[in-house]
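Have the viewer open as you read.

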Amino acid sequence: MKKLHIETYGCQMNVADSEVVASILSPHYSITDSLHEADLILLNTCSVRDNAEQRIRKRLRELAALKKKNKHLLVGLLGCMAERIKEQLLEEEKTLDFIAGPDAYRSLPELIDKASVGTVSFNVHLSEEETYDDIDPVRYDSNGVSAFISIMRGCNNFCSYCVVPYTRGRERSREPNTIIAEAQNLFKKGFKEVTLLGQNVNSYCWKEAEKNIDFADLTEQIARISPLLRVRYATSHPKDISDKLLFVMAKYPNVCHYIHLPVQAGSNEMLKKMNRIYTREYYLERIKRIKEILPDCAISTDIIAGFCGETEQNHQDTLSLMKKVGYEYAFMFKYSVREGTKAAEKFEDDISEELKIKRLEEIIALQQQLSLESNKRDIGKTVTVLVEGVSKRSDQHLFGRNSQNKVCVFPRQHYKVGDYVEVKISRCTAGTLMA
Ligand code: SAH
Ligand code: SF4
Ligand code: F3S
């Protein structure tokens, strides 16, 4: 059997996709961690910001050296960068033997066959139906405790700055019975936590003859598999996080009290230019509702600093919104122009690099403070942690996460990976709870 090495960049969807790819290629390739052992190297790539793509280009230069030493080595590029740049990428990057877009993974065996006789080829066809629903992912890099389940693909939102609708194509939901069967199967194999994935999971919708199954219905069905199977999901778009879903989360203790609700910006002016559909007021109303229905729910977000035309006041509005919500965690980015998007066509990228960095640093500093405050409020509480592994800092300690997705570290004693452990929080940093 030949050896395959996969490197995954970008979002969790890509992690799930790499597991699908490993499954599609499993009749001919087994996975290896080692680059030097590999007959085939695949890079599953991200295009969301320019630096994500620059990183891949650098990686390809490193792989070129490896290819010189091993004439039989094949290198393929998958994912969003393949879809965005298409066959032009094969012109630019001579290290590549083939490229495949996110909906083209079933054709990988063919692309590899062609590459092995020296024909450079590509498939970047985007599908309206492909969900890989019949493929059982190979969880080759798993801790055996938590797994991703991809429940939908694509995005129809066209936020003006974002390349994802172009690289991932139209939104489509996966057949619910295949999702439930995958979750049941994982639970049988000993997994204790599943994360339902999509760019926009709250708009999950499966139309059946008599009724529609929405995301709240699906979550409820997965939650019923076992009280010992935790359910998480990502990502939510504020426009369709419904009360119905919040009530399902309140009803089933195994549906984790954690919501990733990207806001992107705090001023209505920026939100409108970003085509986010909602207003600051609407977003804060949703937060209020979350806190009413799920008082202990943790909330995280994504924020973009320095979008086109952002004034100091707009930036202050982002900071004040962050304080109002009191986010537990945030992913924070500088705006990066993506060719082909509405923002690139319509607005000038007029915030200087220095100012973007300054604003981003202010956002990061504030978030650091908010995360620390939130963690301090947990000191003295008893929480249930699902153990994921041994702490990196000390083999006498284990780590896991509580329902709120906070990492907790505690003495190992007789506990093991996959156990639920009740611990009492005694100390914290901005990033970790210690028990
Ligand atoms: N579907 C998810 C997130 C997808 S991309 C959602 O709608 O929230 C992850 C994050 O990358 C986005 O939330 C956004 O904050 C950031 N992002 C996307 N395009 C970007 C760009 N052009 N520049 C900087 N950050 C960007
Ligand atoms: Fe991008 Fe917006 Fe779709 Fe998220 S919802 S993937 S930010 S277009
Ligand atoms: Fe990146 Fe594509 Fe995900 S652009 S963030 S890998 S959907």
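## Ligand shells

Which residues surround ligand 3? The shell is made up of C11, N14, T45, C46, S47, V48, C80, V164, R168 and Q199, a residue being near if one of its heavy atoms lies within 4 Å of the molecule. By class that gives 5 nonpolar, 4 polar and 1 charged. Here Ala, Val, Leu, Ile, Met, Phe, Trp, Tyr, Cys and Pro count as nonpolar, Asp, Glu, Lys and Arg as charged, and the others, Gly among them, as polar.

Before going on, a word on the ground rules: this is a predicted model, where local features need pLDDT of at least 70 and side-chain atom pairs count only at pLDDT 80 or more, while totals for chains, interfaces and linings use all residues. Residues are numbered from 1 along each chain as its sequence is written, chains are lettered from A and ligands numbered from 1 in the order in which they are written, and side-chain values use heavy atoms, with hydrogens and water left out.

Ligand 2 has C155, N157, F158, C159, Y161, C162, V164, P165, Q199, H237 and R276 around it. That shell splits into 7 nonpolar, 3 polar and 1 charged.

## A closer look at T45

T45 is buried, at 0% relative accessible area; buried means under 20%, exposed over 50% and partly exposed in between, with a 1.4 Å probe and protein chains only. Skipping residues up to four places away in sequence, T45 touches Y9, N14, I56, L77, L78, G79, C80, M81 and A82, contact meaning heavy atoms within 4.5 Å.

## Nonpolar cores

In soluble globular proteins, nonpolar side chains tend to be buried together. The largest nonpolar core here has 66 residues, and I151, I222, Y233, I259 and Y283 have the most contacts inside it. Such a core is a set of buried Ala, Val, Leu, Ile, Met, Phe, Trp, Tyr and Cys residues joined through side-chain atoms within 4.5 Å. Beyond its neighbours within four places in sequence, Y233 is in contact with T195, L196, V201, N202, F215, I241, L245, M249 and I259. A separate core of 22 residues includes V21, L42, Y105 and I135.

A cis peptide bond links A234 to T235, with omega about 0°. T235 sits in the loop between β13 (230-234) and α9.

Is each one buried or exposed? Y132, in the loop between β6 (121-123) and β7, is buried, with a relative accessible area of 2%. Q413, in the loop between β19 (407-411) and β20 (420-424), is exposed at 60%.

Definitions and conventions: Helix = DSSP H or I, 4+ residues; strand = E, 2+ residues; numbered from the N terminus.
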